[in-house]
Amino acid sequence: MIVMKFGGTSVGTPQRMKDVARLVVRQGRPVFVVLSAMSGTTNSLVEIADYLYKKNPDGAHEVINQLEAKYMGHVSELYAKEETRQQVQLLLKDEFQYLRSFTKELFTSFEEKAIVAQGEIISTNMMVAYMQEQGINAHLLSALDFMRTDKNGEPDTVYIKEKLQQTLDDVPAAQVYLTQGFICRNAYGEIDNLQRGGSDYTASLIGAAIQADEIQIWTDIDGMHNNDPRVVANTQPVHQLCFEEAAELAYFGAKILHPTCIQPAKYAGIPVRLLNTMNPEAEGTTISSLTERGKIKAVAAKDNITAIKIKSSRMLLATGFLRKVFEIFESYQTPIDMVCTSEVGVSMSIDNQTHLAEIVDELKKYGTVSVDKDMCIICIVGDLDWGNLGFETLATKALKDIPVRMISYGGSNYNISYLVRRQDKQRALQALSQTLFGN
């Protein structure tokens, strides 16, 4: 069995839903399908919740009415049989009445999560109705029956595997199983969501739980590219990445994938393919345990970076200095991206400025602190083992005309990172693309 996840744009219109059904059927083997909400729906649901937080039920009702009209319009386009249309219209009426019920009650984050979950519930119900109308043996499984997080908000993988297998055993065998991405229950049984990675995370967790042959993530782009196509012309899809390379690219700017969502697939040894719903014949990107030796694969950039430097003579030959510094960032729950040290100083970069003032104030107890804002991390990813002579020189040579604030190399066998000013980002990416890939 394979797992196929389709994002919001892939099911954003009735025609695209039909295209997705055709893609699923042509696999010719059992498929487990994970669907996101139709594009734009989650934003509307968040807007409804925002009005309810502000105790403005009239505003919420207006958005609910607009969303209901939009979905009712999809019904006549998607279904050919009157019987199916009536069935789905009744379902939609019940769903939107459910949303209206929240305008009469006390509104908290628990109700908000229940509202936001309805996007995926609607899209999967509409899709299974269409597939069944087309004669496809499709069965809908509620993610709320088996997808759960623990008390730390992390996926409860043991529970997911056991409950999913039990759920599959309790339903008739089907050609296609459908479920919702993103949504789950928390350790207390309340409706919640997976947050990081969303539906991609759901697909990866399900793939690992059922030991799928492959996990396919279908979006609207031909896999990961070797540079940012919004900044650099003539970028190309990267056809093969190892899990570590994919995680580095995702963390440092490749928005097609969240860096943590493929971890369950990595641990289970299941390959992940990134494919394009709009161009299904494209090869896309395959992510697996295989590392292609001696190759630089791609470049990515991460914006809104702040560099913090602390200089102190007390650091010279001192033990415990770095621990004290890092504990300050930990106390404010602020992750560090890059670290560079010398005998009397340490520089770090962060992408969350929420507690910047407090962090700087605390660091001043240990030395002189300087801050550089509006920076950008440029990350080069590939087989960058230190034994590959010249790779780091090649990357640095490409940036010979660009001021570099920090360089991080050796912490991973898969990346070299450079910290530059945001205003130099475009020149840096273009120079690297020309030097490394010839485009």
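In what order do the strands of the open sheet of eight run?

1. **Ground rules.** This is a predicted model, where local features need pLDDT of at least 70, side-chain atom pairs count only at pLDDT 80 or more, and totals for chains, interfaces and linings use all residues. Residues are numbered from 1 along each chain as its sequence is written, and side-chain values use heavy atoms, with hydrogens and water left out.

2. **The open sheet.** The order is β3-β4-β2-β1-β7-β9-β10-β8, and the pairing is mixed. The edges are β3 (138-140) and β8 (240-242), each pairing on one side only. From one strand to the next, the twist averages 20°. Strands (E, at least two residues) and helices (H or I, at least four) are DSSP runs numbered from the N terminus. Two strands pair if DSSP finds at least two bridges between them.

3. β8 runs parallel to β10 (residues 285-288), joined by three bridges. L241 has I287 of β10 as its bridge partner.

4. **Helix on the sheet.** α1 (residues 14-25) packs on the sheet and touches β1 (2-6), β2 (31-35), β4 (176-180) and β7 (214-219). Contact means heavy atoms within 4.5 Å. The direction of α1 makes about 170° with that of β1. Axes are lines fitted to C-alpha atoms, for helices over the stretch in contact; angles run from 0 to 180 degrees between N-to-C directions.

5. **Strand β13.** Six of the six residues of β13 (residues 345-350) are buried, so this strand is largely enclosed by the rest of the structure. Buried means under 20% relative accessible area, with a 1.4 Å probe and protein chains only. G345, S347 and S349 point one way, and V346, M348 and I350 the other. In a regular strand the side chains alternate between the two faces of the sheet.

6. **Partners of β13.** β11 (residues 296-311) pairs antiparallel with β13 over six bridges. β12 (residues 338-341) is also antiparallel to β13, through four bridges. V346 is the bridge partner of I310, and T341 stands opposite V346 too. Three residues separate β12 and β13 in their hairpin.

7. **Second largest pocket.** Its volume is about 230 Å³, the space filled by probe spheres set on grid points joined across faces, edges and corners. A pocket is an open set of points on a 1 Å grid over the protein atoms alone, where a 1.4 Å probe fits, with protein on both sides within 12 Å along at least five of seven lines; lining residues have an atom within 4 Å of a point. There are 13 lining residues, with G8, S36, A37, T42 and E120 nearest the centre. α2 (41-53) and α8 (198-210) each give two or more residues; α2 gives the most, three.

How values were computed:
Buried < 20%, exposed > 50% of the residue type's maximum accessible area, 1.4 Å probe, protein only.
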